[in-house]
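Please keep the sequence and the model in view while reading.

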Amino acid sequence: MAVLVDKNTRVLVQGITGREGEFHTRQMLEYGTQVVAGVTPGKGGQEVLGVPVFDTVKQAVAATGADASVIFVPAPFAADAVLEAADAGLRLVVCITEGIPVQDMVKTVALVRQKGVRLIGPNCPGLVTAGQCKLGIMPGNIFTPGPVGLISRSGTLTYEIVHLLTKAGLGQSTCIGIGGDPVLGSTFIDLLPLFEEDPDTQAVVLVGEIGGSDEEIAAEYIRTMRKPVVGFISGRTAPPGKRMGHAGAIISGRTGTPQAKVDALRAAGVPVAEALYEIPDLVKQALAHR
Amino acid sequence: MKIHEYQAKEVLARYGVTVPRGRVASSPEEGRTIAQELGGRVVVKAQVHAGGRGKAGGIRLADTPEQAEEHARAMLGARLVTPQAPQGVLVEKVLVEEALSIAQEYYLGITLDRAKQRDVVMVSAMGGMDIEQVAEEHPDAIVKVWVDPWQGLMPYQARQALYEAGIAREAVPTATKFLLALYKAYVGSDASLAEINPFVLTSEGQCLAADAKLNLDDNALFRHPELLEYREESIEDPLEEEAHRRGIQYVRLGGDIGIIGNGAGLVMSTLDEVSRAGGKPANFLDIGGGAKADLVRNALELVLMDPNVKGVLFNVFGGITRGDEVARGILEGIRSLQVKVPIVIRLAGTRAEEGLALLQGTQLIPAVTMQEAARKIVEVTR
């Protein structure tokens, strides 16, 4: 079934009546995603693109059996929207919203982890299972079904890499943009095991960047994996102390340097591409050596 | 957002953190007046966003108000050169405070532990030193407590950390109150770092924040209108300030090739690629998702405000962002800004072909891949 979502996933859109929410609902529907419900408090009873809108997530789940949610709610209210989704029993919540206060996420992530709800994001492009389901804002037309999984801290960089893979004849299973914030619902270490267990995935591309130590932590787990992983780290020439667009992309003091990440991945046997265009070849080599 | 020491102390004091008596001055005369009001020995401290001020002459003791005025005159308007700011930072304000009779110097810090996804409180008896250096050389000298975000820092946790770190036993009750107030200030102001170094125990048995560093979460400023006034002084680069006004994500990097792209990761990779091709990026600039023509024009104008820029590279992979919209913005920019430097453009993804068609017959240099674009911009600016 690939990872986390497939053609049977029943999707709910929180913030469906907003400009972004409606635009991307249309794109998700065009991709073939089953969008079964929308939620905007106060707009219950309306319809957006033929999708029924409810006042609360609880009502939407009861009426439609939605099992995954994607959130396009403005930053001041986004953490509350995640908690509402988690409380209503959804198993997967994808938060696209950028600019959520870190303290809101520290609290929210602690709670969703305790409840066993899978949160992707925030500040992320969402995820796509090629040819089956798209949750979020990635451009659907670049994906082709195939054996390569991808986990990335960056959106557009993911598109660039998927484009390169597709051009090289390498299709994708599931591609997940985990987000650019310092506190994320799911990091590499949370998602790698899902790809390891997924029968549709034969290799994984891990796209990291400066800031934090999630790549180093992931490297330890990769040592134990049967499936090959290929890495890429962006921000190799970024100066320390400067936030490079993403709230989480910053080298602070001695942590978060690109070299530490590259070294950790290589020490775990992961080939790390110096430039993006090298990724497809490294994936092909990894698949051949299995 | 980084704020100055005097601003940090204003915020901390609101939450009951004890700070030395003092005020900020913008002129030498004002410095003298404050010293007079305080009476006795004072310390004059340059207000800059750079560590290592003390060694650079940015912290000076004054026995008389006249001496305080003298120190203020020497600092104000001068550039303070520290190991962290080798090119020097302009001193626009000085903090004049009562000098403390220091019995002990400790360290207190609160920040986010990204790996554990919770805030961590750090206490050390080795105050006044760079904490990263302490962490490396004496890791056991730092006691850490991780805080449950729904519960907050509990008094017993603060007490336990202070005893374990070897803070003078008689000072622990006062220090516990201090640390709990510091945590309240950290949470209450949505800080990403609160650091008291040194945290001073005076010979009279008082606990005081001799220095204070407070970094605030930009994403949370919407709920802190009282902190917005600090914003102005938080950005030191005039171009970064202009970018902020225009709502553009821009970081000055000091090279001579202007970079514009969509998405932080893609722009970062473009910087890497240009560096690999032997070039020096002038900036990081992310136009974000779904940018319209006028934003692209604005971005180009901003990049060209940097006089060092000898050429500009556009790298856009369209998803929600449309290639034709970007091309229209570039064309508008070239027309209205009278661009004299070469521009290399790489468009891919949504409506890239339409965009490239619009740019045909202009002096723009097209490229198909990111590497080709990087190579070309380095060649034409050499």
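In this predicted model, the C-alpha centres of domain 1 and domain 2 of chain B lie 23 Å apart. The domain assignment of chain B places domain 1 at 1-19 + 102-236, domain 2 at 21-99 and domain 3 at 238-381. Where domains 1 and 2 of chain B meet, 5 residues of domain 1 are in contact with 6 residues of domain 2. The side contributed by domain 1 of chain B comprises 1 nonpolar, 1 polar and 3 charged residues.

Helix 3 of chain B spans residues 65-75, and its buried residues include Ala68(B), Glu69(B), His71(B), Ala72(B) and Met75(B). These residues are on the same side of helix 3 of chain B because they cover an arc of only 165° around the axis. An α-helix has 3.6 residues a turn, so residues three or four places apart point the same way. The partners against which the buried residues of helix 3 of chain B pack are strand 1 (22-25), helix 2 (28-38), strand 2 (42-46), strand 3 (59-62) and strand 6 (94-98) of chain B. Just after helix 3 of chain B, Gly77(B) adopts a positive phi of about 85°.

Chain A is assigned domain 1 (10-120) and domain 2 (144-288). The centres of these two domains of chain A, taken over C-alpha atoms, are separated by 27 Å. Their contact draws 8 residues from domain 1 of chain A and 7 residues from domain 2 of chain A. On the domain 1 side, helix 4 and strand 7 (118-120) of chain A each supply at least two residues, and helix 4 of chain A gives the most, with 5 residues. By class, this side of domain 1 of chain A has 7 nonpolar residues, no polar residues and 1 charged residue.

The contact between the chains involves 46 residues from chain A and 43 residues from chain B. On the chain A side, at least two residues each come from helix 3 (75-87), helix 4 (102-115) and helix 5 (155-167) of chain A. That side of chain A divides into 24 nonpolar, 15 polar and 7 charged residues.

Finally, the nonpolar cores may be considered. The largest nonpolar core has 150 residues, and Ile71(A), Val82(A) and Val93(A) are those with the most contacts inside it. Apart from this core lies another of 42 residues, including Tyr107(B), Leu108(B), Leu153(B) and Ala194(B). Leaving aside residues up to four places away in sequence, Val93(A) touches Ser69(A), Ile71(A), Val82(A), Ala85(A), Ala86(A), Val117(A) and Leu119(A).

Key. Residues numbered from 1 in each chain as written. Chains lettered and ligands numbered in written order. Predicted model: local features only at pLDDT ≥ 70, side-chain atom pairs only at ≥ 80, totals over all residues. Core = buried A, V, L, I, M, F, W, Y, C linked by C-beta atoms within 7 Å. Buried ≥ 20, exposed ≤ 12 C-beta atoms within 10 Å, placed from the backbone. Contact = placed C-beta atoms within 7 Å. Helix = DSSP H or I, 4+ residues; strand = E, 2+ residues; numbered from the N terminus. Nonpolar A, V, L, I, M, F, W, Y, C, P; charged D, E, K, R; others polar. Arc of directions from axis to C-beta. Domains from an automatic or database assignment.
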